[in-house]
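Keep the model open while reading.

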Amino acid sequence: MQLLDAINKRRSIRQFTGQPITDEQLQTILNAAMMAPTGRNIQEWEFLVIKDKETLLKIIEVHPYTQMLTEAACAIIVCGNMQKDDAESFWIGDCGAASQNILLTATDLGLGSCWCGVQNSKERTDGIRKLFNLPSHIMPFNVIAIGRPAETRETPQRFDSEKVHYEKW
Ligand SMILES: Cc1cc2nc3c(=O)[nH]c(=O)nc-3n(C[C@H](O)[C@H](O)[C@H](O)COP(=O)(O)O)c2cc1C
């Protein structure tokens, strides 16, 4: 698949077949995640991969908008390591770039994915932190559900010329 096709075809997928993905697919996705840019090239991301069904269901208990995990093949919890980003100035952008690589690579492999925000909610951050007993320097950024899609979604038209400003505001 060409990059622009993946960008246009990627949608948040919230219905999965329940079938697993292969280890090779997962490795391809994780490799793509770590090819993203980072501020000062600190690569402070860490990735918690969850395939265990019971654990996936426990995530839903602490994050109410992750219901799609019931049939997902796995979840990747993208985290930032504050020991490498001690001013906490880069991790949100860096984890976001890695997350987008994950979504686009999943699309390229014919898989579905959904970014579920964690960092934007103290309650969800605390819930994920407690569930996985994360060290204090590890900040959960999001939960990305991945699996074989059981829904297809059309590509919306989003380009809006009013949001583009040439040369001056
Ligand atoms: C920061 C962020 C947080 C999100 N959190 C959730 C979430 O908790 N649950 C969910 O189902 N979708 C979540 N989404 C997915 C958005 O709802 C989705 O990207 C948006 O509706 C646009 O649809 P599309 O991804 O299909 O283009 C999140 C997306 C982002 C970027």
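This is a predicted model: local features need pLDDT of at least 70, side-chain atom pairs count only at pLDDT 80 or more; totals for chains, interfaces and linings use all residues.

Two residues are taken to be in contact if their C-beta atoms, placed from the backbone, lie within 7 Å. Leaving aside neighbours within four places in sequence, Ile144 is in contact with Ala75, Ile76, Val78, Ser99, Ile102, Ser113, Cys114 and Trp115.

Ile144 also belongs to the largest nonpolar core, which has 36 residues. Among these, Ala72, Ala75, Val78, Ile144, Ala145 and Ile146 touch the most other members. At least two residues of this core come from each of H2, E1, helix H3 (53-62), E2, H4, strand E3 (112-117) and strand E4 (138-147). In soluble globular proteins, nonpolar side chains tend to be buried together.

Strand E4 is mostly covered, with 9 of its 10 residues buried. E4 pairs with E2 in the antiparallel sense over 8 bridges, and in this pairing Val78 stands opposite Asn142. E4 also pairs with E3, again in the antiparallel sense, over 6 bridges. Here Gly117 has Asn142 as its bridge partner in E4.

Which of its residues are buried? They are Leu26, Ile29 and Ala33. Seen down the axis of H2, the buried residues fall within an arc of 65 degrees, so they line one face of the helix. An α-helix has 3.6 residues a turn, so residues three or four places apart point the same way. Glu24, Gln27 and Asn31, on the other side of H2, are exposed. The cover over the buried residues of H2 includes strand E1 (45-50), strand E2 (74-81) and helix H4 (91-108).

Lys9 lies in helix H1 (residues 3-9). Lys9 counts as partly exposed because it has 16 C-beta neighbours inside 10 Å. Not counting residues up to four places away in sequence, Lys9 touches Thr107 and Thr155. The C-alpha atoms of Lys9 and Arg153 are separated by 8.4 Å, although the two residues are 144 residues apart along the chain.

Note on methods:
Residues are numbered from 1 along each chain as its sequence is written. A residue is buried if 20 or more other C-beta atoms lie within 10 Å of its own, exposed if 12 or fewer, and partly exposed in between; C-beta atoms are placed from the backbone. Helices (H or I, at least four residues) and strands (E, at least two) are DSSP runs, numbered from the N terminus. The arc is that of the directions from the helix axis to the C-beta atoms. A nonpolar core is a set of buried Ala, Val, Leu, Ile, Met, Phe, Trp, Tyr and Cys residues joined through C-beta atoms within 7 Å. Two strands pair if DSSP finds at least two bridges between them.
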